[in-house]
Amino acid sequence: MLFDDEETPAPAASAPPWDILVVDDEQAVHQVTELVMSDFEFDGRRVRFTHCYSGAEARGQLTEPGRFALVLLDVVMESEHAGLELVRYIREELGDRNVRIVLRTGQPGQAPQALVLKTYDINDYREKTELTHAKLSTVFYSGLRAYRDLMRLERARQGLRRSIDAITQVCDSDNLRHFCSAVLDQASALLGHAAEGVCASRLNAYAAARQPGRLQVLAVTPAYAGLQPEETLEHLPPPVRDAFLRCMAEQADHYGPLYYACYYRTRDGNESLLYMSFSEPVEEAERELLGMFSANVAITYEKLLAREEAEATQAAIIHILGEALESRSAASGGHVERVGEIAAMLAQAVDMPAGAVRQLRQAAPLHDIGHAGIPDAILNQPGPLDAAQRARMQGHSDIGWQMLSRSQQPVLKLAARIAHEHHERWDGAGYPQGLRGADISLAARITALADFVDAMVSPRCYRPPHTLQHALDEVREGSGSRFDPALASLLLQNTDYLHNLYRRHPPT
């Protein structure tokens, strides 16, 4: 079983050797160095030598930072300062600040120790006479220990950067399912390993929004593509099921050599679960990084869950309000919903951000909320309105603005402006303010077009419905006068969308 504490561990892979670069124009120096240090071992890793006989040859080996842990470097080779020039190349041009550089010279007078240590970024200075095992061991231990510690710091720094980047990517998600998919993607990217996983949640027994106590699969990677959004624990693959059960029992993260299961319980008692399986063993430092990432993600998850529930409640209230107003007006069934759909389509066509599209879809159905202040006799009069009735009817734009503008909620503030401006015209001949062109808000221009099309194809108490083609002809005729010409053009380019919409939701 996956969680059996008596499980026999897989044999550990042998650690890679430390790569050492020896740069010297004397063959004997290479031979003695390798002979004396051939059995050297540090931190469970042996050494591997690469030999170069000039500064130019060494540059050919030093093509990228991080290849070598230690460089043993002669000063005088093809020129008096070939070694010192190579030091500058490594540090400044190659940009490798971590490799440990030990200068070795047989002619100390050519490169005085105090001057070299002060001027060049080297880590040690030795004479070639110091080729005994004891002397070289001291050099190797100090150099490799410093390199190891530097690389630990570098990995921690890179891990922190990846963690911040990953959390930023996750937090940019605009809904819960996108968020969970981003979590799976970024958890894999965070560690740099190929990974598969499942992200799920379980609401507490008092949650009313969804079936309490039932597991909800929010996102999966391709290996788990067969899972359904609503699953019982029994239907999960055994490793995932067992990991989740153990996490919930212990209310803590759990891991093994090739997997990591994250657990987080919100203040409301909801449980967030993440299972990741990896293609190669995950080290302790990587598990710590994943745990830190998961803790930050869990906090964001809780806030996003609360936001989604609040938005769902707001959307439901707006929908109910729109339908209630529709029921007492001349509008046909489904009018406000279709106006929201058409408005969202046009918003996407003009490249509005996804969040703005969602807000417009919710706000556009409230364009005629001011009808609440208009008498039924005027709303449902089967014949033409007289001048007084028409003036009263046009007042619904101001009424809608007054009703909605007091709210500080972004959707309702947007709806207030739409209600106030959706009867303005591109040529300035509309009401109630006589706004012209781009002085009319984009949301109101979009909603005006959506409202016009759906009103034309819907039956009214004073006329039968028109065809969609007739409505589109009217849009074409009114482009540049009644309607924003750019929006009218976009609508006329999306007639297939409109035909599909009215097949799915015909006016009644």
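**Aromatic cluster**

I began with the rings and found W18, F40, F42, F49, F140, Y141 and Y147 linked into a cluster by ring pairs. A reminder to myself: this is a predicted model. I then looked up the total and got 9 aromatic pairs in the structure.

I picked out W18 and F42, whose pair is tilted, with 5.8 Å centre to centre and 35° between the planes. W18 belongs to strand β1 (residues 18–23) and F42 to strand β2 (residues 41–42), so this pair ties together parts 24 residues apart in sequence.

**Helix α17**

Next I went to α17, residues 485–493, and listed L487, A488, L490 and L491 as buried. They sit on the same side of α17, because they cover an arc of only 160° around the axis. What do the buried residues of α17 pack against? I found α9 (335–349), α15 (442–457), α16 (468–478) and α18 (495–504).

At the N-terminal end of α17 I found a cap: D484 places a side-chain oxygen 2.9 Å from the backbone nitrogen of A486.

**Helix α18**

I moved on to α18, where L498, L501 and Y502 are buried. Looking down the axis of α18, I saw its buried residues fall within an arc of 90°, so they line one face of the helix. D496 and R503 are exposed on the other side of α18. For the cover over the buried residues of α18, I wrote down α9, α15, α16 and α17 among the contributors.

Notes. Residues are numbered from 1 along each chain as its sequence is written. This is a predicted model: local features need pLDDT of at least 70, side-chain atom pairs count only at pLDDT 80 or more; totals for chains, interfaces and linings use all residues. Side-chain values use heavy atoms; hydrogens and water are left out. Buried means under 20% relative accessible area, exposed over 50%, partly exposed in between (1.4 Å probe, protein chains only). Helices (H or I, at least four residues) and strands (E, at least two) are DSSP runs, numbered from the N terminus. The arc is that of the directions from the helix axis to the C-beta atoms. Contact means heavy atoms within 4.5 Å. A polar contact is a pair of N or O atoms within 3.5 Å; within protein, one must be able to donate a hydrogen and the other to accept it, and residues adjacent in sequence count only if both atoms are side-chain atoms. Rings of Phe, Tyr and Trp (its six-membered ring) pair if their centres lie within 6.5 Å; planes under 30 degrees apart count as stacked, over 60 as edge-to-face and the rest as tilted.
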